[in-house]
Amino acid sequence: VRLDGHTIYGFTPTARTGLVWAPEQAPFSAKLLMGRSYKAPSAEQLFTRPMTVLDIKGRPELESQRAYTTELAGAWKLPGGLGEISANAFVTSVVGRVEFVQTGLYLQADNVRDEWVVGGELDGRFALGRSFQLRLASGIARTVAHSVDADLEGLPEVTNPLFPAYQVHLSGIWTTPWAGVRVYPEISYIGPRSASQPNALEMG
């Protein structure tokens, strides 16, 4: 349990709890996690004074953004110490997501909508001999539902602005025979993410 104090938003409790099943001799383990978090608006979003057209204008009445996440995860240890494979699936409810929206001549932050995001991750760690370890990780995330905000009517629809739809990471650890020097090669591919609301354009 965590208690954050803010001069504007007061005291906000957040918590994270979980159930873990991990038999000592079994290769499989599982856990169920639930948590709550919040993010207070920045000083820029609250108090900025615009200098020109389409500049940011503060909104002092802006509310904090909150999120509630439930995650189910499992892991399997490969025989012979060859590595481990783990996977998880999550559901996140974002309440009062903050986004910049054009209001008159300026851009103002607003709690534009509530949003439901689902996703999952797959992670494999493999020991390829004594000197080399390989890790392959991938993840997907998708906004599946959101509330309707009258301030966004007539604007381009933004479908998945919080996370990239997919990403893949391949990395390794090579322990060289030269004085124990280690090399960490890594390559990643991160898929496209939707533009934020003020940067979104309609095709056609």
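Is Arg97 buried or exposed? Arg97 counts as buried, because its relative accessibility is 3%. Buried means under 20% relative accessible area, exposed means over 50%, and partly exposed lies in between (1.4 Å probe, protein chains only).

The model is predicted: local features need pLDDT of at least 70, side-chain atom pairs count only at pLDDT 80 or more, and totals for chains, interfaces and linings use all residues. Residues are numbered from 1 along each chain as its sequence is written, and side-chain values use heavy atoms, with hydrogens and water left out.

Stay with Arg97. It forms a salt bridge with Glu99, and their closest N and O atoms are 2.9 Å apart. A salt bridge is a side-chain nitrogen of Lys or Arg within 4 Å of a carboxyl oxygen of Asp or Glu. Salt bridges that share partners join Arg97, Glu99 and Glu115 into one network. Glu99 counts as buried because its relative accessibility is 11%.

By this rule there are six salt bridges. One of them pairs Glu61 with Arg59, with the closest N and O atoms 3.6 Å apart. Glu61 counts as exposed at 54% relative accessibility. Arg59 counts as buried at 15%.

Leu136, Ile140, Tyr166, Val168, Leu170, Ile187 and Tyr189 make a nonpolar patch of about 670 Å². Patches are made of residues with over 30% relative accessible area and no salt bridge; like charges are joined within 9 Å, nonpolar side chains (Val, Leu, Ile, Met, Phe, Trp, Tyr) within 5 Å. Accessible areas come from the Shrake-Rupley method with a 1.4 Å probe; for residues, only the protein chains shown count as cover. Ile187 counts as exposed, because its relative accessibility is 55%.
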